[in-house]
Amino acid sequence: MSTVLVLAVTGLGLGALYFLIASGLSLIFGLMHVLNFAHGALLAVGAYLGWWVASHLDVAAGLRLLVAAAVGAVTAAALAALLELGLVRRLYQREIAQVLVTVGVGLALVALLQGIWGSDPKTYPVPHWMVETTTVGGAAIPHGRLVTIAVGLVVLGLFVLFLRRTRFGLVVRAGVENRAMVTALGIDVRRAFTLVFALGGAAAGLAGALAGAYFGSVTPQLGSSLLIYAFIVVVIGGLGSVTGSAIAAVLVGLLQQFTNYYAASGIGDLSVVLLLAVVLLVRPQGLLGRPV
Amino acid sequence: MRIPRLLGWAPGVVVVVLLALLPWSALDVPGVLPGPLDSPGTLQVLAVCLVFAGLALSYDVLFGFTGLLSFGHALYFAVGVYVTAIALTRWHWALLPSAGLALGCGLVVAALVGAVSLRVRGIAFAMVTLAFAQAGSVLVVQDPLAVTGGEQGLGLDVGKVPDAFIGVLNTRNLYWLALALAVVVFLVVRLVTTSPAGHVWAAIRENEQRVTVLGLRSYPFKLIAFVVASTLATLCGVVYVLVVGGASVGVTTADFTLSLLVMVVLGGSGVRWGAMLGGFVYMLLDQRLGSLAGVGGVAALPGVLRVPLSQPLFLLGVLFVLVVMFLPGGLASLVRIRRTRRARDLPRRPLPEAEGV
Amino acid sequence: MNHILSLADVSVQVAGSRILHDVSFTVADRGVTALLGRNGVGKTSTLLAVMGLLPRTGTITFAGRRIDRTLTHRIVQAGIGYVPEDREVFAGLSVAENLRLAERDDRPRYDLVDELFPDLLGRRRQLAGTLSGGQQQMLSLGRVLLADNELLLVDEPTKGLAPQVVKQVAVALARIAQHTPVLLVEQNLAVVQRLARHAVVLNQGRVVHDGDARELLADAALTQRLLGVSSGEAAAR
């Protein structure tokens, strides 16, 4: 029983990370039809800045983490907005070109990080209490996992609030459904594009800062390995649906953990891939996406 | 008219002949190449570039000629690399049977994966190909049968490799092998893209719906393109593992396929020699830009400039972005050759931009 | 009578085929101008071209300003309301949210919407996707009434609706047309008969007739030739 609990919490923690990355990706694709390959790089930027801040700030461990996460998120958001305004926007109507530009920027950004900090893993100063565990039902649950899950839930809540209660959120929801009609109502969707890019970037940066604490170290490749699973989560959940991503992230995280443990290491990753293939062939729009 | 046709072949033949004669030249291109043209180091670098010229072209059959965006092309290259390496090193097979096995595996895997993936289109198709490639990557890394060497990779046991390909002095033979590969890939691709099937591919790329309206089913044609492209990639993998002497997990990643995408767009997708040029130039830059940092002038630059310049992928990424923004036809569009419109220009509308369609 | 909208030599090309060929006509600043023609002649494409939703060449002038080089959302902000074919309400949003999205000024005319479409009043929280066809059409029309638009482009508002509902829509349109000029694409000739002053007929992307609507419909032979049906048949649809 305790094993199941630990696996479940680990799976949910991982799922929360995937969700943070996937939420932005999903909105960006749903609204703008752009596969943002720079997202992984934005995550890495968040991770490195978070690490750098956490290593150099001399305050209480908890506060350090908070500031690190904030700096990571804000920087990634700013970079994302720049990317959209400077490059993606100029390629309106050339959707493949937009994807390619994000690929190029992603490559360049990761290379830059590697140039500045090298490719060896940097150890993250994880606060003591994150490594400590609380015993629940006979299982030792690390606090770090719980923090990640909590952040994931908070971000989910913020996204839902944004989408349901603000005018920009309304524009985004409508735009995901029918972009042309939104412009036909006199609304400049391009501002929503930049905002969505920035929000997605913020979530990715936040995920990066958290991932550093979660895995205990940061490398320039941190983004690419997580990005693939994030894409899978986005597709399973349904392009354009934040709630879909949340559900899919939970599914994927849990599936990965349980299968890796009970079957063999690596089978979990394979089963996630299998799940994606099955979903795409049976229900291409994903769990909560619009019918293709 | 036969004469103009033969003249069309002339530039290509000249290039191939020049490349074949390269190993007898002691020409030195400092900075760009690690040594004179006849040195093993340089020949090795150029051999890798040639392999990737072929690999990039194989990818372009899908992307530039048929309009299929695949994120899983690395899988077939990896099959070529790993199956050959495993057969040679673990099972001690001879070279030809190993290569044959690799090609066979590549063909079968491509047919299966293609049959499944092509049932969906667009982003869904891209994602399914990504998924299968990722599965392959996981299998290689996790190494359930203990054959791939996992994260460490697999060094090639040259016991069964013909003597002609072993040894530093014989690097030139590997170079010629790579050149032969590039030529073979080019000829095969030229054959299929100018065949009736190739015309259907071009039609599918432009407007898939119209193809169906004409009474043709696009699925079988796409599948053929997929299998041809993938098997060619496998062939490239077989030669690659000989050239570099081993297999490593880097060839199984999604990032690897993305770099193929960069190569073909850089060189000019939809133009055969363009894609090859892209592959060649990319690998040359990738292998050589690293030493740019050591070159006198650059090492003296302030950190802010030196750091980005010392990272080949940074320069490539920036170059790629510039090409996508301002030169959508790739390097090939810089050379004005009068040709019937084949190049897959990332679309520029002739009429004023309209928003929101 | 002045012209609120004028098209001069407007052409549209999509995926290699020409859809509109040098289309030229004007829309009066009062009443309903009907845009007629068989299926597939380019009526919807004409509206899309005015809205900037399709790449077009030629000159399009609205209230004295050229809009053929303008982005769609600016065209709408200049005062053109668009009611697309098949309504295109946002199914995942509620009625209230659909309307709120369309608000442009400080004082949106909810009074007008409530007066013309009382049926929507009690359905504010209902998801637009669950509305009936007729109710969706009301919503689609209501959207363009909230802001002060100087011209409305309405595309086949009675398509697929029951006769009773067709009547309601026609009545609403008549009321709307009293203070806002409308360019109406419509296949139902009885509705056209009732509402339109002026008629422009398209065939294969070109203008083939441009004149008084009543005169056109009174001429059975002409109607038959241009539109393929008699006025009576079309009304029964």
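Okay, before anything else: what you're looking at is a predicted model. Keep that in mind for everything I say.

Let's start with chain A. If you count up its secondary structure, you get 12 helices and four strands. How does its radius of gyration sit against a compact globule? For 292 residues you'd expect something near 19 Å, and chain A has 19 Å, so the two agree. As for the inside, 60% of those 292 residues count as buried. And if you take the contacts in chain A with a separation of 6 or more, 77% of them come from residues 24 or more positions apart.

Now, chain C. Here the tally is 10 helices and 10 strands. Its C-alpha atoms fill a box of roughly 45 × 40 × 40 Å along the principal axes. Chain C has 237 residues, so the compact-globule value would be near 18 Å; the model gives 17 Å, which agrees. Buried residues are 47% of the chain. Of its contacts between residues at least 6 apart in sequence, 69% join residues at least 24 apart.

Back to chain A for a helix pair I'd like you to find on the screen. That's α1, residues 2-32, and α10, residues 222-237. Their axes are 8 Å apart and the helices pack at an angle of about 60°. That angle is why we call α1(A) oblique to α10(A). The crossing is right-handed. Which residues of α1(A) make the contact? They are A:L17, A:Y18, A:I21, A:A22, A:L25, A:S26 and A:F29. Across from them, α10(A) brings a set that includes A:L226, A:Y229, A:F231 and A:G237. Sorted by class, this contact has 13 nonpolar residues, two polar ones and no charged ones.

Helix α10 also turns up in the next bit, the side of chain A that touches chain B. Over there, 37 residues of chain A are in contact with 40 residues of chain B. The chain A elements that put in two or more residues are α4 (95-117), α8 (179-183), α10 and α12 (267-282). Which of these gives the most? That's α4(A), with 14 residues. By class, the chain A side has 25 nonpolar, eight polar and four charged residues.

One is A:R89, in the loop between α3 (61-88) and α4 of chain A. It has 15 other C-beta atoms within 10 Å, so it comes out as partly exposed. Setting aside neighbours within four places in sequence, A:R89 is in contact with A:E84 and A:R190.

Buried or exposed, would you say, for C:S132? Exposed, because C:S132 has 12 C-beta neighbours inside 10 Å, and the cut-off for exposed is 12 or fewer. Its C-alpha atom is 9.5 Å from that of C:L161, which is 29 residues away along the chain.

Technical notes. Residues numbered from 1 in each chain as written. Chains lettered and ligands numbered in written order. Predicted model: local features only at pLDDT ≥ 70, side-chain atom pairs only at ≥ 80, totals over all residues. Axes fitted to C-alpha atoms, helices over the stretch in contact; angles between N-to-C directions. Parallel < 35°, antiparallel > 145°, perpendicular 65-115°, else oblique. Left-handed = near helix turned anticlockwise from the far one by under 90°. Contact = placed C-beta atoms within 7 Å. Nonpolar A, V, L, I, M, F, W, Y, C, P; charged D, E, K, R; others polar. Rg over C-alpha atoms; globule rule 2.2 N^0.38 Å. Buried ≥ 20, exposed ≤ 12 C-beta atoms within 10 Å, placed from the backbone.
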